[in-house]
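Good morning. Please have a look at it first.

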Amino acid sequence: MVLCEDGECSVCLLPYTRMDRIPRVLHCRHTFCDPCLETISQARSGLITVGCPLCRRVTCIGRGLSLQEALWVNSRLWEQIPEVEAEEEEEEEEEEEEEGQLKQETEQKRMETKQQVECVSSRSARTKLKLPAFLRRFSLTKQHQERIVAGSNVEMKSWRRLSAEETV
């Protein structure tokens, strides 16, 4: 592994930044960026340990502390990171947030338009159904026919309840 502390992490070879890739110093005095240290770190019996990729020395971090709280920022490298870059990153984040909001608003408008179209189409579908067609579809107007059942001498006239006089 190449030791390159001239503005870039020697693990991922990406330049240090003031927002995401903050240069942090291990106890062995080697510096790496936050994401690489998070990847390398291990939790063992309540302690966080970080093995240095260059010299293999282990840095132990006490209970209740995170890497960002326990490890110092390399001030020499921090001063070399231009502040304009931090402003640009903030502007990029703001632009991304604005784009996300615009996408959400556009999606909401599209959904509202779709719902309005569905509502209008369902109204027009309701108006197309007319009462006589409805009655024909379910055949509520048909009358029962009289018929004689084979093998019996009973004549059915209709499906109706018989009075007490007719049952005798």
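Is R110 buried, partly exposed or exposed? R110 is partly exposed, since its relative accessible area is 45%. On this scale, buried means under 20% relative accessible area, exposed means over 50%, and partly exposed lies in between, with a 1.4 Å probe and protein chains only.

Before I go on, a word on the source. This is a predicted model, in which local features need pLDDT of at least 70 and side-chain atom pairs count only at pLDDT 80 or more, while totals for chains, interfaces and linings use all residues. Residues are numbered from 1 along each chain as its sequence is written, and side-chain values use heavy atoms, with hydrogens and water left out.

Back to R110. Its side chain forms a salt bridge with that of E107, at 2.6 Å from N to O. A salt bridge here is a side-chain nitrogen of Lys or Arg within 4 Å of a carboxyl oxygen of Asp or Glu. E107 is partly exposed too, at 37% relative accessibility. Helices (H or I, at least four residues) and strands (E, at least two) are DSSP runs, numbered from the N terminus.

How many salt bridges does a search of the whole structure find? It finds two. The other pair to look at is R24 and D34, whose side chains meet at 2.7 Å, N to O. R24 belongs to strand β1 (residues 23–25) and D34 to helix α1 (residues 34–40), so this pair ties together parts ten residues apart in sequence. Both R24 and D34 are buried.

R24 also leads us to L37. Leaving aside residues up to four places away in sequence, L37 touches R24, L26, F32, V50, L67 and L71, where contact means heavy atoms within 4.5 Å. L37 is also among the residues that touch the most other members of the largest nonpolar core, which has 15 residues. Such a core is a set of buried Ala, Val, Leu, Ile, Met, Phe, Trp, Tyr and Cys residues joined through side-chain atoms within 4.5 Å. Strand β2 (31–33) and helix α1 each supply at least two residues of this core.

Last, the sheet. Three strands form an open sheet in the order β3-β4-β5, with antiparallel pairing; two strands pair if DSSP finds at least two bridges between them. The edge strands, β3 (42–44) and β5 (58–61), each pair on one side only. Four bridges join β4 (residues 47–51) to β5, and I48 stands opposite I61 in β5.
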